[in-house]
Structure formats: structure tokens, C-alpha cells
Amino acid sequence: MRTAQVSRSTAETEISVSVNLDGSGTYDNHTGVGFFDHMLDQLSRHSLIDMTIRAKGDYHIDDHHTVEDTGIALGQALVQALGDKKGINRYGECHLPMDDAQVRAALDLSARPYLVWNVDLPTQKIGTFDTELVREFFQALATHGGITLHIDQIHGVNSHHIAEAAFKAVARALRTAVEVDPRKADAVPSTKGAL
């Protein structure tokens with residue numbers, strides 16, 4: 001089974017992540033950051049990757065370290081679960097509409113981390129959540145997951161809708177990328193022979 005468990009402990013956070021790439025989108029996420037939990041639930045549900053995430057952070061400062069370190073640990077868990085990446089589709093993309101918002105995500109599980117972020121969240125907060133942390137999460141996920149990740153906002157005026165569309169678009173793209181291609185299940189999807 002393509003599963004992994006990662007724990008990350010620093011002076012700022014305690015994070016544990018478990019994933020099953022061949023799941024059904026079952027989730028149990030508790031980071032202490034309400035809106036972020038809602039986004040992680042969306043990521044799991046729409047990628048069909050089972051996720052259990054626990055986090056404790058230095059909330060008395062802000063939510064930054066908790067969100068970023070969760071992205072780091074989740075990226076590391078994806079790398080472990082993917083193993084040698086034999087048979088995966090490797091690429092995925094999605095144009096996702098959510099009410100006023102439309103966000104496009106395209107990704108490559110290339111082991112060459114890169115984030116292109118063309119998203120404008122018009123407010124500084126969604127409830128108590130700092131909207132700048134959406135980018136921080138995806139930066140950490142891309143860097144530690146070895147993902148070339150492009151996220152482009154086509155349009156949108158509501159920060160909640162834009163952020164949620166981004167998470168769902170990435171989820172759907174990730175779902176496609178991690179799935180096994182039955183026509184090439186025994187081969188790494190690269191002419192180099194390795195990713």
C-alpha cells in the first residue's frame with residue numbers, strides 16, 4: 001500500500017501526518033486552526049487521499065508555523081508514500097469553479113519543487129485566519145513534496161471562495177497525478193528512468 005507516516009517536532013510545532021494515496025478521501029485533521037482544518041479536509045476529500053493530521057503550534061504568536069510545518073510534513077509524507085513513483089500519471093490539472101471564484105491548478109510530481117502563485121486574496125483575514133498563509137502552505141507542500149505547482153486565479157472576489165477553490169483544484173490535480181496508469185504501471189513516467 002502507498003502509505004506514509006511523518007512526525008515533525010520543533011521548538012515551534014509538533015506535527016504528525018499519515019496518508020494513504022489509495023484511499024477514499026477519509027480525513028481526520030486537527031491543527032488548532034479552524035479554517036486551515038476545513039481546507040485540509042477539502043484537500044483530502046477531493047484528492048481521495050486519506051489524511052490524518054495532528055498539529056500543536058505556537059498559537060500565542062500566530063498560526064504561521066503551524067500552517068507551514070503542516071505543509072512540510074504533508075509534502076514529506078507524499079514523497080514517502082509515492083516511493084519510486086513507478087506507474088503514476090505524474091501530471092495533473094484542474095480548473096475549479098466555486099461560486100464567484102475559478103482557480104486553475106497544474107502540477108508535476110517531478111522532484112523539482114517550484115511554486116507559481118498567481119492568486120490575489122482580497123482580504124487579509126478569513127475569520128481569524130491570515131490569508132497570506134494559504135501561499136505559505138502551498139510553498140511548503142511544493143518544496144517538501146518535490147512538486148512543480150502552478151496555481152492561477154482566473155477570477156474571484158470572495159477570499160474564502162478563492163482559497164477553497166485553490167485547495168480543491170490542487171486536490172483534484174493531485175488525485176490525477178498520484179493515480180496509477182494501468183498502461184504503464186511498471187514504469188517510472190520519465191525518459192530518465194527516475195524521478
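What share of the 195 residues of the protein count as buried? Some notes from a look through the model follow.

1. To start with the answer, 52% of the 195 residues count as buried. Buried here is under 20% relative accessible area, exposed is over 50%, and partly exposed lies in between (1.4 Å probe, protein chains only).

2. Before going on, keep in mind that this is a predicted model: local features need pLDDT of at least 70, side-chain atom pairs count only at pLDDT 80 or more, and totals for chains, interfaces and linings use all residues. Numbering runs from 1 along each chain as its sequence is written, and side-chain values use heavy atoms, with hydrogens and water left out.

3. On overall build, the protein has four helices and ten strands, in the order β-β-β-α-β-α-β-β-β-β-β-α-β-α from the N terminus. These are DSSP runs numbered from the N terminus: helices are H or I with at least four residues, strands are E with at least two.

4. The radius of gyration is 16 Å, which agrees with the value near 16 Å for a compact globule of 195 residues. That radius is taken over C-alpha atoms, and the globule rule is 2.2 Å times the number of residues to the power 0.38. Along the principal axes, the C-alpha atoms fill a box of roughly 45 × 40 × 25 Å.

5. Of the contacts between residues at least 6 apart in sequence, 75% join residues at least 24 apart. A contact means heavy atoms within 4.5 Å.

6. Helix α3 (residues 132–145) checks out on length: its 14 residues should span 20 Å at 1.5 Å a residue, and the end C-alpha atoms are 20 Å apart. The expected span is 1.5 Å times one less than the number of residues.

7. Which residues of α3 are buried? They are L133, V134, F137, F138, A140, L141, A142 and G145. In general, an α-helix has 3.6 residues a turn, so residues three or four places apart point the same way. The buried residues of α3 pack against α1 (34–47), α2 (64–82), β7 (114–118), β9 (129–130), β10 (148–155) and α4 (159–178).

8. M98 sits in strand β5 (residues 91–98) and counts as buried because its relative accessibility is 16%. Setting aside neighbours within four places in sequence, M98 is in contact with H161, E164, A165 and K168. From M98 to V17 it is 81 residues in sequence and 28 Å in space, C-alpha to C-alpha.
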